[in-house]
Amino acid sequence: ITDGVCWDTLTQVVVVENLTIDVGADQIVCFGEATTLSPAVTGTAVSYEWATDPHFTHIINNNVSQSDITITPNTTTTYYLRVRSAYCEAMDEVTVSVSQFSVPQPSEYVVCYGDSIQIAVAPDVAGSYTYSWQPAGSIVSGANSASPWVQPSQNTTYTVTATNEYGCTATAAVNVEIKQYDAVADITPAACFGGHDGAIALTVSGGVEPYFYQWSHGATTEDA
């Protein structure tokens, strides 16, 4: 700088700061599961403000000097981060989706003693599932499917754990009741060999009515 007679030199320092943030890719968590958001920051940040709306009307982190935040969303939520340095400001966002499903309990199954029956469950949300059933000892086949065949020897409650493609789980109980009947025959022999005046009075109890009968000579009534 000069006025024609005198001169002077002024020096101005210009600071160029490159402040960038990256909160990472969108995530999927199970319902009730916590996750920690850890941003990658380039530059010298002095504060980190997290919010669930882009206008930052409510800051959800108590300590703005800490970059990470641990969250447990109940529903799919977008989280916004605003980072400030001494000169600059940067923003980014990440959506955390919540995976939630249940396995409704089916009606009770009824099976005759010694028979097998196919039981089944169906999660209430479409997806890719694996299944684990207990107790496993009376499962005949399909132990890793939604609809195994079972052959219990007594009334049994089967517990199934379904796991979806995100590792989230839900359980359900499936009751199987055994129906076992008894038949007592009161036999009246024929008076003479080869006679046709003999009779069998059958008394049936237990099981599930109505009863159906099939005798060797073709009769279908209770008594013969």
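C112 is partly exposed because its relative accessible area is 38%, whereas C192 is exposed, its relative accessible area being 56%. Here buried stands for under 20% relative accessible area, exposed for over 50%, and partly exposed for values in between, with a 1.4 Å probe and protein chains only.

The model is a predicted one, in which local features need pLDDT of at least 70 and side-chain atom pairs count only at pLDDT 80 or more, while totals for chains, interfaces and linings use all residues. Residues are numbered from 1 along each chain as its sequence is written, and side-chain values use heavy atoms, with hydrogens and water left out.

## The disulfide

The structure contains one disulfide, a term for a pair of cysteine sulfur atoms within 2.5 Å. C30 and C168 form this bond, with 2.0 Å between their sulfur atoms. The pair connects distant parts of the chain: C30 belongs to strand β2 (residues 27-30), C168 to the loop between β14 and β15 (169-179), and the two are 138 residues apart.

Both C30 and C168 are buried. The torsion about their S-S bond is about -95°, and the disulfide is therefore left-handed.

Strands are DSSP runs of E with at least two residues, and helices are runs of H or I with at least four, numbered from the N terminus. Two strands count as paired if DSSP finds at least two bridges between them.

Strand β14 (residues 156-163) pairs with β11 in the antiparallel sense over five bridges. In this pairing, Y131 stands opposite A162 of β14, and S132 stands opposite T161. β14 is also joined to β15 by eight bridges, and these two strands run antiparallel. There, Y158 has V174 of β15 as its bridge partner. The hairpin of β14 and β15 has five residues between the strands, and within this hairpin G167 adopts a positive phi near 85°.

## Covered and uncovered faces

On β14, the covered face consists of T156, Y158, V160 and A162, and the uncovered face of T157, T159, T161 and T163.
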